[in-house]
Amino acid sequence: MSVEIIDGTTITSFMEDEEVFSTSVSDLFAELDADKDGLLSYTEMVKELQRLRVMETHFGVDVKHDPEEVARVYESLFVQFDHDMNGRVDEDEFKKETKKMLLAMANGLGSLSVQMALEHDSLLLKAVKREYSCAAASANNNFLANAA
């Protein structure tokens, strides 16, 4: 886990870099696809939601929820991803819904910078690292231009 500063621009810039975004989402999809059939089952998706502790924490504090309520929330999240309602999520569905969710986060944050604890392999951490590398490259170019 890493604590980082993030804002909406960090997320939208990451999504606008189509090559980096697509590769990152494809990598995450492949990681979640435990049986390597090219589709995510409900069970494969739930494992990720449980790892992210979507329902188990509230502002970092452990919260106990009714297991049936948790199951309903997880099912509704799965349905959001399963656009064709076939009980499986393909990579295109996963990418489209992931993009929508990240865009909603970016819009919610706007220009407000917030400090967040991010999982080491999360898309948000990849967005932050991309921003750092772009800033470093820009600073290096400015340094080289001023030195010449």
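**Helices and residues**

Biologist: At roughly what angle do the axes of helix 3 and helix 4 cross?

Modeller: Helices here are DSSP runs of H or I with at least four residues, numbered from the N terminus. The axes of helix 3 and helix 4, the latter spanning residues 67-81, come within 10 Å. With axes fitted to C-alpha atoms over the stretch in contact, and angles running from 0 to 180 degrees between N-to-C directions, these two cross at roughly 115°.

Biologist: Which pLDDT do side-chain atom pairs need in order to count?

Modeller: Residues are numbered from 1 along each chain as its sequence is written, and side-chain values use heavy atoms, with hydrogens and water left out. This is a predicted model, in which totals for chains, interfaces and linings use all residues, local features need pLDDT of at least 70, and side-chain atom pairs count only at pLDDT 80 or more.

Biologist: How many nonpolar residues are in the contact of helix 3 with helix 4?

Modeller: Tyr-42, Met-45, Val-46, Leu-49 and Gln-50 of helix 3 are in contact (heavy atoms within 4.5 Å) with Ala-71, Tyr-74, Glu-75, Leu-77, Phe-78 and Phe-81 of helix 4. Ala, Val, Leu, Ile, Met, Phe, Trp, Tyr, Cys and Pro count as nonpolar, Asp, Glu, Lys and Arg as charged, and the others, Gly among them, as polar. By these classes, the contact of helix 3 with helix 4 has one polar residue and one charged residue, while the number of nonpolar residues is nine.

Biologist: Are helix 2 and helix 5 parallel or oblique to each other?

Modeller: The axes of helix 2 (residues 18-32) and helix 5 (residues 91-109) come within 10 Å, and they cross at roughly 120°. Angles under 35 degrees count as roughly parallel, over 145 as roughly antiparallel, 65 to 115 as roughly perpendicular and the rest as oblique. Helix 2 and helix 5 are therefore oblique.

Biologist: How many charged residues does the contact of helix 2 with helix 5 have?

Modeller: Helix 2 brings Glu-18, Phe-21, Ser-22, Val-25, Ser-26, Leu-28, Phe-29 and Leu-32 to this contact, and helix 5 brings Glu-91, Phe-94, Lys-95, Thr-98, Lys-99 and Leu-102. By class, seven residues in the contact of helix 2 with helix 5 are nonpolar and three are polar, while the number of charged residues is four.

Biologist: Which side chain does the side chain of Ser-22 join in a polar contact of 2.6 Å?

Modeller: Ser-22, which lies in helix 2, counts as buried (under 20% relative accessible area, with a 1.4 Å probe and protein chains only) because its relative accessibility is 18%. A polar contact is a pair of N or O atoms within 3.5 Å, one able to donate a hydrogen and the other to accept it. The polar contact of 2.6 Å joins the side chain of Ser-22 to that of Lys-95.

Biologist: What distance separates the side chain of Glu-44 from the backbone nitrogen of Asp-35?

Modeller: Glu-44 lies in helix 3 (residues 42-52) and is buried, with a relative accessible area of 5%. Leaving aside neighbours within four places in sequence, Glu-44 is in contact with Leu-32, Asp-33, Ala-34, Asp-35 and Leu-39. The C-alpha atoms of Glu-44 and Leu-32, twelve residues apart along the chain, are separated by 6.1 Å. The side chain of Glu-44 reaches the backbone nitrogen of Asp-35 at 3.2 Å.

How values were computed
Buried < 20%, exposed > 50% of the residue type's maximum accessible area, 1.4 Å probe, protein only.
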